[in-house]
Amino acid sequence: TLLGYGLLGFTTLLVLKQTALFSAVSLIGAMLSTLLLLPCLFRHYKGQNRSVPVYFTRHYPAGLRPFEWGGVAVMAILTIMGIMKSQWQDDIHQWVAMPPTLLTEAKQIADLTGFDLGARAFLLMAESEQALLEKDDYFVKKLQHYSPSESQSNISLKPIVEIQSLSQWLMTETQRQQFLTTLKTTLKPTALEPLKSLGISSEKIFHAIDELKARPPVGLEQALNTTLGQRYKNLYLGRLDKGQYVGLINVKFAPPGDINDAEISALAEPEHGIYWLDKRAHLNRLFQQTRDQAGWLKLLSFVLAGGLLFGYFGLRRTFTMLLIPLGAIICTIGILGWLGIPISLFAMFGLLLVSGIDYTAYMQTTTEPVAHKRVAILLAGTTTLISFLLLSISSTPAVAAFGLSVSLGVAVSLVLTWRFLR
């Protein structure tokens, strides 16, 4: 058990490291208390002969009886089907249970402001404010002409239905000059009649256009500090220490379904300072990597435990002692698959705590009557189940998945130990 906790400390996620350290220290404390403190407390204890229910003393043959082979075959098939149905995925939204009112308010805020609370946007970097606006304008046009590929359009990709960018609020200097030149050359005398009736001559109008062309461009930060510019202010992140100006382009996708992150991120141009940001997808990938790493470390802990037990019990007994907790983990994965519960990072973390080796080691080494050994592991397993079953009814999905996976693993481990060891 300590080997498993120790290897869990090599994962990259801090919460797993902290839990591994806490569990290992608690286990060492419990072991030392059992060895050093309990003998003193029970020095004058006189045991009483208590009657043990008959099913605790029932003798099971070493091998499986004919009708039991059929049950094992059915359970194996159901477990395999459950594993095939299992969903190995991580989603940060599954960690907490958000109140419906809060989700509704978040959606209303996103609709009113155009700001995606999910932190999905394109990030642009440039050497100056004007260069940032030019890059923003170029990429907005690219997004407007974007359409999903045929291989992805029928799966989960959503077309872009709304874009919010800095270039929608402020023109680049080149665009401003072109606009004023076009305005001056395309203005017709009939269009100026209303102004002439107010006493404004055409010469004054053209002179004002020339003055406007000669003025220095309005800075991006200055334009955003106006009343109307407040709507776009959250898109400008300012100037970095290295002389880079940073802005965002928010994109909104049409429902239903999730976007295809791989194809959307392919639109980015990192070599030109344009990056796709999706904090949710990034965290999910991090959790997936940590979950996979923890799974491999759990397998390594079985190998190391096997090497340790082999020196004391030999190959056959070591194989039996490791087969039961490994079988409990496999059966738990199958049950979670049938229940439709995704095997996320916290569910995997629960599987890591399903050891069961302590039950098998006790059954293999203690010389007490089989009934007494069964009572002991049943009491130990029941007290463990009480704690983790309470976690499984938590309103927080991550905590509930953790508690349920541990509870199922412990229960299956108890059943297998009860049946196959004595």
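Visitor: Which helix gives the most to the nonpolar patch?
Guide: In this predicted model, helix H2 does, with six residues. The patch is formed by Leu2, Leu27, Ile28, Met31, Leu32, Leu35 and Leu36, and together these residues have about 630 Å² of accessible area.

Visitor: What makes Leu35 count as buried or exposed?
Guide: Leu35 is placed in helix H2. Its relative accessibility is 58%, and exposed means over 50%. Leu35 is therefore exposed.

Visitor: How do you know that Leu35 can belong to a patch?
Guide: Patches take residues with over 30% relative accessible area and no salt bridge. Leu35 stands at 58%, so that the area condition is met. Leu35 is also listed among the patch members.

Visitor: Which residues touch the most other members of the largest nonpolar core?
Guide: Phe349 and Phe402 do, in a core of 43 residues. Helices H1, H2, H13, H14, H15, H16 and H17 each supply at least two residues of this core. Helix H13 gives the largest share, twelve residues. A second, separate core has 31 residues, including Leu124, Leu133, Tyr146 and Ile264.

Visitor: What is Phe402 in contact with, leaving aside its neighbours within four places in sequence?
Guide: Phe402 is in contact with Phe346, Phe349, Gly350, Leu353, Phe388 and Leu391. Each of these partners has heavy atoms within 4.5 Å of Phe402, because that is what contact means here.

Visitor: What share of the contacts between residues at least 6 apart in sequence joins residues at least 24 apart?
Guide: The share is 77% in the protein chain.

Visitor: Why is Thr417 called buried?
Guide: Thr417, found in helix H17, has 0% relative accessibility. Buried means under 20%, so Thr417 is buried. Not counting residues up to four places away in sequence, Thr417 touches Ile324, Tyr359, Thr360, Met363 and Ile377.

Visitor: What does the side chain of Thr417 reach, and what makes that a polar contact?
Guide: The side chain reaches the backbone oxygen of Ser413 at 2.7 Å. A polar contact needs a pair of N or O atoms within 3.5 Å, one able to donate a hydrogen and the other to accept it.

Visitor: What makes Arg291 count as buried or exposed?
Guide: Arg291 is found in helix H13 and has 3% relative accessibility. The limit for buried is under 20%, so Arg291 is buried. Not counting residues up to four places away in sequence, Arg291 touches Trp88, Gln89, Asp90, Ile343, Ser344, Leu345 and Met348. A polar atom of its side chain lies 3.5 Å from the backbone oxygen of Ile343.

Visitor: How do you know that Arg291 and Asp292 form a salt bridge?
Guide: Their closest N and O atoms are 3.4 Å apart. A salt bridge needs a side-chain nitrogen of Lys or Arg within 4 Å of a carboxyl oxygen of Asp or Glu, so the pair qualifies. Asp292, at 35% relative accessibility, is partly exposed, whereas Arg291 is buried.

Visitor: How many salt bridges does a search of the whole structure find?
Guide: Four are found. One of them joins Lys142 and Glu269, with the closest N and O atoms 2.8 Å apart. The pair links distant parts of the chain, 127 residues apart: Lys142 is in helix H6, and Glu269 is in the loop between helix H12 and strand S5.

Visitor: Why do Lys142 and Glu269 get the burial labels they have?
Guide: Lys142 has 29% relative accessibility and counts as partly exposed, because that label covers values between the 20% and 50% limits. Glu269 has 8%, which is under 20%, so Glu269 is buried.

Visitor: Where do Glu173 and Arg176 lie?
Guide: Both lie in helix H8, three residues apart, about one turn of the helix. Arg176 has a relative accessible area of 17%, so Arg176 falls under the 20% limit and is buried.

Conventions
Residues numbered from 1 in each chain as written. Predicted model: local features only at pLDDT ≥ 70, side-chain atom pairs only at ≥ 80, totals over all residues. Heavy atoms only, no water. Core = buried A, V, L, I, M, F, W, Y, C linked by side-chain atoms within 4.5 Å. Buried < 20%, exposed > 50% of the residue type's maximum accessible area, 1.4 Å probe, protein only. Helix = DSSP H or I, 4+ residues; strand = E, 2+ residues; numbered from the N terminus. Patch = residues over 30% accessible without salt bridge, like charges linked within 9 Å, V, L, I, M, F, W, Y side chains within 5 Å. Areas by Shrake-Rupley, 256 points an atom, 1.4 Å probe, with all protein chains shown as cover.
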